[in-house]
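Hello,

Here is the structure we talked about. Please open it next to this email and read along.

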Amino acid sequence: MRKDFPEKQKKKLIAQRNQILDALAAQNEAMSRLVEEVESGDVVDIASGAIDRTLLDSLGAADAARLTAIDNAIIRINQGKYGLCLQCGKPIPEARLEAIPYAPLCVNCQSAEEKRNR
């Protein structure tokens, strides 16, 4: 791995982290507006609001999981362990880290993990 690569990835991870935090803040504002609408709405509005809240909740959970993965990747960079698979310890190719900067596993270990979780 190139020496400057982890620092370049750290900047990318921090930008992604800020983007997620901004999105979560916007979702919280949207959730507050939905609650206000439901309090004054009819049955159709209430059903629509419930669907919207469910969607926002699922988006929030996915963003929260990605935020955790990003934070963990930043920790690995600071520890000098970035780019090493957490399962087998082999280097993760730079191309994979370019695509998914917070990837904790190499392609082989990720594939095995996905098969186990089916």
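Start with the contacts (heavy atoms within 4.5 Å). Take those in the protein between residues at least 6 apart in sequence: 60% of them join residues at least 24 apart.

A word on the source. This is a predicted model, where local features need pLDDT of at least 70, side-chain atom pairs count only at pLDDT 80 or more, and totals for chains, interfaces and linings use all residues. Residues are numbered from 1 along each chain as its sequence is written, and side-chain values use heavy atoms, with hydrogens and water left out.

The protein has four helices and zero strands. Helices are DSSP runs of H or I with at least four residues, strands are runs of E with at least two, and both are numbered from the N terminus.

Next, confidence. pLDDT is the predictor's confidence in each residue, from 0 to 100. Its mean for the protein is 82, and 75% of the residues reach 70 or more. Among the elements, helix α2 (residues 43-79) has the lowest mean, 73. Helix α3 (residues 94-99) has the highest, 96. Where pLDDT is low, the predicted coordinates should not be read in detail.

Of the 118 residues, 29% count as buried. Buried means under 20% relative accessible area, exposed over 50%, and partly exposed in between (1.4 Å probe, protein chains only).

For Cys85, the nearest cysteine sulfur, that of Cys109, is 3.7 Å away. Cys85 is buried, at 4% relative accessible area. Cys88 is partly exposed, at 35%.

Best wishes

Notes:
Disulfide = S-S within 2.5 Å.
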